[in-house]
Amino acid sequence: MDRRRLVEVAAGREKAELVFKGAEVLDVFTGRILPGDVAVEGGFIAGVGSYSGRRERDCRGLVLCPGFIDAHVHIESSMVLPREFVRSVLPSGTTTLIADPHEIVNVCGAQGLRFMLESSEGLPCNLYYMLPSSVPTSPFETAGACFTADEMRPFLGHARVLGLGEVMCFPDVVGGRGEIFEKLALLEGRPIDGHAPALSGHALQAYAAAGVESEHEAVGFAEAAEKARAGMAILVREGSAAHNVVSLVRGLVESGMETDRFLFCTDDKHLDDIWRDGHIRWNLKLAMEEGLAPALALGMASYNTARHYRLPRLGAVAPGYRADLVLLSDLRGVLVEEVYKDGIPASEALKNLGESPPPDPAVLHTVSLPALSEHDLRLPVAEKTDVIGMIPYQLETEHLRESVPQRQGYFTPGGDYAKLCVVERHGRSGNLALAPLKGYGIRGGAIATTVAHDSHNILAAADNDKDLLLAIRRLGEMGGGYVLVRGGQVIGQVPLAVAGLMSTESAEAVRSQVARISKQAHEMGIPYHIDPFISLSFLALPVIPSLRLTDRGLFDVERFALL
């Protein structure tokens, strides 16, 4: 930034490089929308008021607001590399991402983080990273790596590393035990993200006292309000599997609670949903439909997040701030007319972006499977057995005790029940675990993926063992991805060569592949209120209630113990 030049333009002594003329400008500091010109020089805002420029953009009838910020996102969940992810989200107004790369770090360790940092250099987006705090997520599963406090130290000086990613091992924090306290001490004074679904009372107080500053797992407003009172910022999430904006914003509006500690995030969002709805603009639209004042909603999408994550020159249309700007033709509909990154039109910045460079060999060829037969897939069951019950539109599951179909003492999927399987794929243990799954709905085949939060072992569901085995083996041959099998034939696949999580292809190619295979999965009986792959991918995550399956067996999250 040339501050002297910026001052000359701000004072009106020099013409600005670019002026947005006659816009309705959102002031996030006072919550008002006022008419004015916005002068931009060298990628920064020089002033708001009355200005002339060497170039001028007529903005009459348009609302000018800060670029949107996603407070918490896993880029890997889009299944494309950072460059392609930016191509997908920038046109709908997202100019800043705060990413937690714990997916790839769970597979590849510190080398995975280096890859994400290197592959996101020079992009037309402010792309920051949080250091993954919980790799592995718990001691009850087998990950591909362990990311310790000592391994974090070399990254502390990186300009795009902000703080500590979501602290999922909340029982350790509340219990005052474990190496998580080394990481909390190491990142003292920096943003520390939380992940503690349903935590309340004294346990919540202990979690907040440890230094955890935010939460994105609140589903209902009562939970969000209690966590806000404990000093946490609440990240209001709207992703592909978790839909929390309506319930949380409705509570905000009805309660009259201040919104300055509420932010927006997507967490995990598929390209098809981004293509259809946009990115953070969708959170905004839903929030306004629930009655939240536009200025408050836009503040949650920009300044609130920038302030929480200590990003002083982002999130506002004001002198000295980055010229990351969004022009809206319809405020409440959040219809994006044009996006600017550092004063450059997004279309121009993306046109000059080029292709992603070849990935580092260290993040390829990461699937190593044990030898398996159909015999290994048999699941003995008793008269009553533990069953994972899916809940529509939520990541949480039910812990059921039910009689399930069986033959000679072994579970036989059918009706409401599928067989869920986890196979360790990092070549470390060869573990395999099985469980009945209710409400998933697959018929006549199998579905399998290496995207299985957060250790990313192979996760598969089927109504027969022959197709189940074929789907697992095909993933091993591909090096990871998505596979769909029907009647002994592979009918769909999406190769994800980078850590079994991301494709080397374009966002458009991946979106098309995922849309096609998801449609096929729904045609095989998976209900439309369930995302075939995203919903499946969370069934192995042992930190979201109530019952999960890891490579070591069924896990009761509420008791935090293997059954």
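Modeller: In helix H8 (residues 201-209), Leu-204, Tyr-207 and Ala-208 are buried, where buried means under 20% relative accessible area, exposed over 50% and partly exposed in between, with a 1.4 Å probe and protein chains only; helices (H or I, at least four residues) and strands (E, at least two) are DSSP runs numbered from the N terminus. These three residues lie on the same side of H8, because they cover an arc of only 95° around the axis, the arc being that of the directions from the helix axis to the C-beta atoms. His-202 and Ala-209, on the other side of H8, are exposed. The buried residues of H8 pack against strand S9 (161-167), helix H6 (170-175), strand S10 (192-194) and helix H9 (221-229), with contact meaning heavy atoms within 4.5 Å. After H8 comes Gly-211, whose phi is positive, near 110°.

This is a predicted model, in which local features need pLDDT of at least 70 and side-chain atom pairs count only at pLDDT 80 or more, while totals for chains, interfaces and linings use all residues. Residues are numbered from 1 along each chain as its sequence is written, and side-chain values use heavy atoms, with hydrogens and water left out.

Turning to the aromatic residues, a search of the whole structure finds nine aromatic pairs, a pair being rings of Phe, Tyr or Trp (its six-membered ring) with centres within 6.5 Å, and planes under 30 degrees apart counting as stacked, over 60 as edge-to-face and the rest as tilted. One of them joins Phe-29 and Tyr-303, whose ring centres are 5.0 Å apart and whose planes stand at 75°, so the pair is edge-to-face. Phe-29 lies in the loop between strand S1 (18-27) and strand S2 (32-41) and Tyr-303 in helix H14 (residues 303-308), so this pair ties together parts that are 274 residues apart in sequence. Phe-29 is partly exposed, at 43% relative accessible area, whereas Tyr-303 is buried, at 19%.

As for the cysteines, the structure holds zero disulfides, a disulfide being a pair of cysteine sulfur atoms within 2.5 Å. The sulfur of Cys-65 has its closest cysteine sulfur in Cys-59, 11 Å away, which is too far for a bond, and Cys-65 is buried, with a relative accessible area of 0%. Cys-108 is likewise in no disulfide, the nearest cysteine sulfur, that of Cys-146, being 14 Å away, and Cys-108 counts as buried at 15% relative accessibility.
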